[in-house]
There are 2 protein chains.
Amino acid sequence: MSPTPQERRAARHRLGTGSSAPAARRGPSGGRKRPITVDAIIGTAFGIVEKEGYEALTMRRLATELETGPSSLYAHVVNKEDLDELLIGRLCAEIDLPEPDAVTWRRQIIDVCTQLRDQYLRYPGISRAAFAAAPSNLDTLRVSEGMLAILLAGGIDPQTAAWAIDSLMLYVNAYSLEISLVNRRLSRSDHAWVVSRDELLDRFAALPDTFPHTKRYAEELTAGTTHDRFDFTLGLMIDGLPRQQRNP
Amino acid sequence: MSPTPQERRAARHRLGTGSSAPAARRGPSGGRKRPITVDAIIGTAFGIVEKEGYEALTMRRLATELETGPSSLYAHVVNKEDLDELLIGRLCAEIDLPEPDAVTWRRQIIDVCTQLRDQYLRYPGISRAAFAAAPSNLDTLRVSEGMLAILLAGGIDPQTAAWAIDSLMLYVNAYSLEISLVNRRLSRSDHAWVVSRDELLDRFAALPDTFPHTKRYAEELTAGTTHDRFDFTLGLMIDGLPRQQRNP
DNA sequence: AATGGACACGAACACCGTTCTACAATAGAA
DNA sequence: TTCTATTGTAGAACGGTGTTCGTGTCCATT
């Protein structure tokens, strides 16, 4: 009875293991070398995003990569939006969640966030899709559940923990998206609009006196190698948690 | 010598007041009732976004609203990206920055963030454009400068303040974008994918036992009227600041 | 062997951002 | 006042996007 893509999608938002048995292909596979499956679609989609960024992921490009036409994809996927959701789901499935520990919970939660960040950055721009992902997706819920478990093990008040998870995931998404966008601007530096840190420093130096602090602390404003800012913000949020244990 | 749009844009990133004199129209204006100006473009663009959301803002739609063809816009605006930047600039220009006060600095910084949030939410989805906005835009720099001034008045270490501003603005953007996306999903509830809080509660209740905490604390996870989560996160970040005054 | 159903796919639709080109109208020069 | 160069206006078109329709093709079952 092979479910339609719509049904598959609905199932992904209800209870279920998330990976229903591949269901031993029944229909025709044409003269194709490899039949088109949802997994194949997701796989090549990740390949495209990894190499060329999320912006390059179009239905046509994806179809070309699979050596078929665009319409063929719609037998397996409802939408581009649906494809996005599948990608985010797969990505979240890769996250491994530690056994919550009442002592090391801070490191644990930071570790999960870092995993998320690195996954997002591995596929540049994909965090854009994460924003639109509905909160009822099972794979993303699995990560939320894991983070909730960690915070609760740390003795955080449930309401605080729930909101904190939301904030953390939102920030990780936003941070990753911003990094990806900046990298993209750097890579296609033909128009070279905003660029290196040195140039930014120059520009800050050239500002009118209406910007006294920006000029004076240009060094600090443009500082931050690798992921210093990321660690800083996570620390800010997590260290602020315990003092809110009894939330009004 | 009327600058080209490219020159105008470049000027926006160098020093300048931001509003060069309107320069008394010289060229022809055809039989037009109202000539097309950058201000007119920005104005109607805001109108579209306010009524129909950022996704509805296309060059063609904008041209139609101005009773002209798409190509006419490119005499005043470099790109769609450029238009986005203009919109964000205008939006930031509306923010009013308080005189920094060493006592009330917490409320002041929260107030600025709230202003930003409300502006973003007034024009649903526009925060998407804010992500891409280059950090050298004068109008956005003005807001940064103001926030920096407030934090410094609060006695925060410059490096900490610089990073905190970054985090705060990033979070405000992300929060506004998320809210807008959720609202959009609610409004076009034909597909009614994810919906009311009640439905979300039901869905959480129907989860398998692999999600014990999510099921148990479904109430907390879905709680948060209006902007509770926003205030919570801002509080988290700001209250965490002073203890980092001496940053490594 | 025949049939039904699942799958693949080419063509097309409506839309997007952007560019090319020709056009009209004014401001200044003669 | 006439002429011309400048400059904003626009129509048409290009290459791209997501998505749908109808048709074709093959397999597994009867």
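Tutor: Contact means that heavy atoms lie within 4.5 Å. Keep that in mind as we read this predicted model.

Student: Which residues is B:Glu50 in contact with, leaving aside its neighbours within four places in sequence?

Tutor: They are B:Arg122, B:Tyr123 and B:Pro124. B:Glu50 itself lies in helix α2 of chain B. Take B:Pro124: it is 74 residues from B:Glu50 in sequence, yet their C-alpha atoms are 6.6 Å apart in space.

Student: Is B:Glu50 called buried, partly exposed or exposed, and what makes it so?

Tutor: Its relative accessibility is 38%. Buried needs under 20%, and exposed needs over 50%. The value falls in between, so B:Glu50 counts as partly exposed.

Student: What is A:Arg185 called, judged by its relative accessibility?

Tutor: Its value is 15%. The cut-off for buried is under 20%, so A:Arg185 counts as buried. This residue is found in helix α8 (residues 158-187) of chain A. Leaving aside its neighbours within four places in sequence, A:Arg185 is in contact with B:Ala132, B:Ala133 and B:Ala134.

Student: Where in chain B do the two partners sit?

Tutor: B:Phe46 is in helix α2 (residues 38-52), and B:Tyr123 is in the loop between α5 (105-122) and α6 (127-132). The two are 77 residues apart, and the pair links distant parts of the chain. Both B:Phe46 and B:Tyr123 are buried.

Student: What makes the rings of B:Tyr175 and B:Phe230 a pair, and of which kind?

Tutor: Their centres are 4.9 Å apart, which is within 6.5 Å, so they pair. Their planes meet at 50 degrees, so this pair is tilted. B:Tyr175 is in helix α8 (residues 158-187) of chain B and B:Phe230 in helix α12 (residues 228-239), 55 residues apart. B:Tyr175 and B:Phe230 are both buried.

Student: What sits over the ring of B:Phe230?

Tutor: The charged end of B:Arg117 does, 4.6 Å from the ring centre. The distance limit is 6 Å, so that value is within it. Chain A shows A:Arg117 over the ring of A:Phe230, with 4.6 Å to the centre. A:Phe230 also forms one aromatic cluster with A:Tyr171 and A:Tyr175.

Student: Which residue forms a salt bridge with B:Arg117, and how do you know?

Tutor: B:Asp118 does, with the closest N and O atoms 3.1 Å apart. The limit is 4 Å, so the pair qualifies. B:Arg117 has a relative accessible area of 7% and is buried. B:Asp118, at 37%, is partly exposed.

Student: What does the salt bridge between B:Asp239 and B:Arg106 tie together?

Tutor: Check the distance: 2.9 Å between the closest N and O atoms. B:Asp239 lies in helix α12 of chain B and B:Arg106 in helix α5, so the pair ties together parts that are 133 residues apart in sequence. B:Asp239 is partly exposed at 30%, and B:Arg106 is partly exposed at 34%.

Student: How do you know that the buried residues of α1(A) share a side?

Tutor: In helix α1 (residues 5-13) of chain A, the buried residues are A:Pro5, A:Arg9, A:Ala10, A:Arg12 and A:His13. They cover an arc of only 155 degrees around the axis, which puts them on the same side of α1(A). They pack against α4 (80-93) and α7 (138-153) of chain A together with α9 (197-205) of chain B.

Student: How do you know that the copies meet through the same surface?

Tutor: 100% of the interface residues of chain A are also interface residues in chain B, so the surface is the same.

Notes: Residues numbered from 1 in each chain as written. Chains lettered and ligands numbered in written order. Predicted model: local features only at pLDDT ≥ 70, side-chain atom pairs only at ≥ 80, totals over all residues. Heavy atoms only, no water. Helix = DSSP H or I, 4+ residues; strand = E, 2+ residues; numbered from the N terminus. Buried < 20%, exposed > 50% of the residue type's maximum accessible area, 1.4 Å probe, protein only. Phe/Tyr/Trp six-rings, centres within 6.5 Å; stacked < 30°, edge-to-face > 60°. Lys NZ or Arg CZ within 6 Å of the ring centre and 35° of its normal. Arc of directions from axis to C-beta. Salt bridge = Lys/Arg side-chain N within 4 Å of Asp/Glu carboxyl O.
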